[in-house]
Amino acid sequence: MQLKKLNIVAIGGGHGLGRVLCTLSFMGNKLTGIVTTTDNGGSTGRLRKRSSTIAWGDLRNCLTQLVDQNSIGSQLFNFRFEGNDELGGHNLGNLILYGLGRVQSSPMDSIKLVRRILRVKTQVLPMSETPTDLMAFYPEGRCRLGELSVDEMPIMPTDLMLAPLVKSVKPCIRAIENADLIILGPGSFLTSVVPPLLVRDITKALDKRKGHCVFIDNIVAEQSPAAKLTLDEKLNWIERNIGCMPIDSVICQDEKISSDRVNIICQDLTHNKVPHHHDTEKLIHALETCLNKISSPTNIEIAS
């Protein structure tokens with residue numbers, strides 16, 4: 001398997017990135033996940049309102065996707081309180097990470113401690129250690145603040161930015177610089193895939209990448225204005241918003257998808273029991289197909 005020979009970075013948020021990390025968990029410390037930290041809904045949103053903190057929910061989800069789902073650690077970090085009191089709806093893993101964030105010197109230290117507790121070899125990193133929110137602009141200049149509000153927009157925003165602007169952490173940049181393969185998605189285009197690309201030093205590292213960057217498209221159309229865009233319209237939107245176009249190939253299932261800008265790998269990706277999930281073996285096969293189709297040796301170097 002070619003994948004085992006590579007250093008891989010996967011970027012995104014929510015369940016999409018968690019699914020990719022779970023699929024590639026056999027990579028161990030040769031795999032790095034860079035996680036979106038702009039969520040302001042649910043348990044995570046309530047904790048962010050309590051005090052200024054990064055969004056912990058996607059980080060917690062990605063960490064638990066890298067452990068045995070039947071383990072005590074997984075059950076502990078995925079436990080959700082019921083009821084309508086103060087604890088109702090909160091995820092215990094979010095509370096643990098939030099609490100560690102209050103006593104540790106940095107979010108990175110909190111994540112390292114949880115990785116030791118869960119015995120996770122894969123590096124899981126926040127896109128930034130500084131709290132920030134999404135800000136989207138309508139064509140006429142009005143704006144919406146917050147990930148939940150952006151998801152509810154009736155039309156595609158002309159511009160998306162972080163408020164405030166934040167810097168990434170050095171391990172994120174080093175991981176991208178050393179990556180042979182970079183994966184974006186799947187997930188919500190505006191609120192999972194794009195936010196890390198709005199961090200300027202992440203964008204600069206992607207623009208100078210030595211590795212091949214592949215975007216994994218959703219199997220089922222998302223409920224957002226991005227669902228109305230063609231693939232090339234999405235690529236053009238990214239380029240206009242971040243100043244470069246970091247994607248070299250796209251893995252998708254819809255045979256109607258075409259592009260004048262990137263390579264397309266179209267294969268069946270659907271999980272047999274959960275139709276909106278990417279099947280692990282099918283996704284690995286698609287990534288291997290992508291590597292085999294890379295003709296120029298300068299695009300990606302596979303270690304011997």
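**Pockets and a helix pair in a predicted model**

User: What is the volume of the largest pocket?

Analyst: The largest pocket has a volume of about 830 Å³, a volume being the space filled by probe spheres set on grid points joined across faces, edges and corners. Of its 34 lining residues, G14, H15, G16, G187 and S188 are the closest to the centre. This is a predicted model, in which local features need pLDDT of at least 70, side-chain atom pairs count only at pLDDT 80 or more, and totals for chains, interfaces and linings use all residues. Residues are numbered from 1 along each chain as its sequence is written, and side-chain values use heavy atoms, without hydrogens and water.

User: What makes a set of points a pocket, and a residue part of its lining?

Analyst: On a 1 Å grid over the protein atoms alone, points where a 1.4 Å probe fits form a pocket if the set is open, with protein on both sides within 12 Å along at least five of seven lines; lining residues have an atom within 4 Å of a point.

User: Which helix supplies the largest share of the lining of the largest pocket?

Analyst: That share, five residues, comes from α1, a helix being a DSSP run of H or I with at least four residues, numbered from the N terminus.

User: Why are α2 and α5 called roughly parallel?

Analyst: Their axes, lines fitted to C-alpha atoms over the stretch in contact, with angles from 0 to 180 degrees between N-to-C directions, come within 10 Å and cross at roughly 25 degrees. Angles under 35 degrees count as roughly parallel; α2 and α5 are therefore roughly parallel to each other.

Technical notes: Helices (H or I, at least four residues) and strands (E, at least two) are DSSP runs, numbered from the N terminus. Angles under 35 degrees count as roughly parallel, over 145 as roughly antiparallel, 65 to 115 as roughly perpendicular and the rest as oblique.
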